[in-house]
Amino acid sequence: MSILVTGGLGYIGSHTVVELINHNFEVVIVDDLSNSEKFILNNIEEITGKRPIFYPFDLKRKELLSQVFEAHIISGCIHFAASKAVGESMIKPLDYYENNLFSLINVLQEFRKRDISNFIFSSSCTVYGQADKMPIDENTPLKEAESSYGKTKQMGEDILKDFSRAYQKRVSLLRYFNPIGAHPTALLGELPSGIPNNLVPYVTQTAAGIREKLSIWGDDYPTEDGTAVRDYIYVVDLAKAHVAALKKLINSEEQKVLDIYNLGTGKGSSVLEVVKAFELANNIKVPYQICPRREGDITVAYANADKAEKELGWKSETSLEEALRTTWEWQKYLKEKSQ
Ligand code: NAD
Ligand code: WQD
């Protein structure tokens, strides 16, 4: 069974491709390499012993996409491809709407035309905004997204709800909390371009001496230690959830399915806890300074992921320390590779 994985050379996509191959799926990747590198394909092959089919083009190019569907019998899609930098999305909103929505619609049109079902969408906890109560479950009301990026995720979800309803399709919307970590082989991980915005890549680069000091954005939040709280989910655990969600869609007897799952650990960790866990896991110091709050940040967000456990038989298994250990191994791999 061939599964189209858009953005399959990216951070979460590459880990998911490995899990799909481990579960005997044939994988067809489309990725324009706008935020990933070709060597990841070799590394996927090194881990799994199988080289997925790979097409390097932009999903906005409808005619090329159509050719992929002509060449392969596609039975489902996991759609990762998107631009994801929150700050950049506020400066270039049209580029974000164009890339994230046109890419999605182009794949969906192929599904409609060719009568294919089983579509998984990378959504985000960002669709909830600052929720009124914790933990966040799937019935928590969505608030206006804080960024244009977040709006593309809300709009993507709306498009998929209509797609499922009008064309009788099986769809799963997966709302990730904060993905972290790298593959245990240290052959896959996150490739932040430029100065990282996200916490864990910044911590890692600071430990590696690439950045001088971590800035902790605010220690005056109403949390236990004053720093903001998030739900950090290990990327391999996250990848496994995609296989479970896909199998559920494929095995469903219903023609029309709209699944929504939060994918997180169910546990909140503060910025200072992440720094301490990194130091402990890797026996290395992370110099930091306390700075004012970052604009647009919320105080606390962590998931109630019980629905995924109940319906998918999936739950997060890896500790924060273990995830942060793999991150450091990946950083060392990148350093060796660049020498
Ligand atoms: P990533 O940037 O590492 O992966 C995305 C991949 O898509 C990249 O390889 C990029 O080259 C490719 N791509 C982008 N636009 C494309 C296009 N038009 N055509 C073909 N390929 C294209 O990002 P990631 O962290 O792996 O995220 C994957 C998905 O998960 C994204 O949709 C993202 O919005 C979502 N998500 C990520 C996070 C996170 O913190 N990493 C959290 C929640 C949701
Ligand atoms: C985590 C915490 C920062 C960097 C973002 C997106 C969200 C989703 C996940 C895609 C916050 C603090 C960070 C630093 C710090 N992505 N921090 N110093 O903001 O929860 O979510 O990624 O869908 O949409 O907004 O993640 O890793 O940027 O920040 O103190 O140098 O770490 O203030 O409290 P965030 P993050």
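1. At 5% relative accessibility, does Phe69 count as buried or exposed? Phe69 counts as buried at this value, where buried means under 20% relative accessible area and exposed over 50%, with partly exposed in between (1.4 Å probe, protein chains only). Phe111 also counts as buried, at 0% relative accessibility.

2. On the basis of the note: this is a predicted model, in which local features need pLDDT of at least 70 and side-chain atom pairs count only at pLDDT 80 or more, while totals for chains, interfaces and linings use all residues. Residues are numbered from 1 along each chain as its sequence is written, chains are lettered from A and ligands numbered from 1 in the order in which they are written, and side-chain values use heavy atoms, with hydrogens and water left out.

3. A search of the whole structure finds eight aromatic pairs; rings of Phe, Tyr and Trp (its six-membered ring) pair if their centres lie within 6.5 Å, and planes under 30 degrees apart count as stacked, over 60 as edge-to-face and the rest as tilted. One of these is the edge-to-face pair of Phe69 and Phe111, with 6.0 Å centre to centre and 80° between the planes. Because Phe69 lies in helix 3 (residues 62-71) and Phe111 in helix 5 (residues 93-113), the pair ties together parts that are 42 residues apart in sequence. Helices (H or I, at least four residues) and strands (E, at least two) are DSSP runs, numbered from the N terminus. Phe69 and Phe111 belong to one aromatic cluster with Phe119, Phe163 and Tyr167.

4. Strand 6 (residues 170-176) has seven of its seven residues buried, so it is largely enclosed by the rest of the structure. In a regular strand the side chains alternate between the two faces of the sheet. Both faces of strand 6 are covered, with Arg170, Ser172, Leu174 and Tyr176 buried on one side and Val171, Leu173 and Arg175 on the other.

5. Strand 6 pairs in the parallel sense with strand 5 (residues 119-124) over six bridges, and with strand 11 (residues 257-263) over seven bridges; two strands pair if DSSP finds at least two bridges between them. Leu174 in strand 6 is the bridge partner of Ser122, and Val171 stands opposite Leu258 in strand 11.

6. The second largest pocket is lined by 21 residues, of which Glu190, Leu191, Pro192, Gln205 and Leu334 lie nearest its centre. Helix 7 (199-207) and helix 11 (320-338) are the elements that give two or more residues to this lining. A pocket is, on a 1 Å grid over the protein atoms alone, an open set of points where a 1.4 Å probe fits, with protein on both sides within 12 Å along at least five of seven lines; lining residues have an atom within 4 Å of a point.
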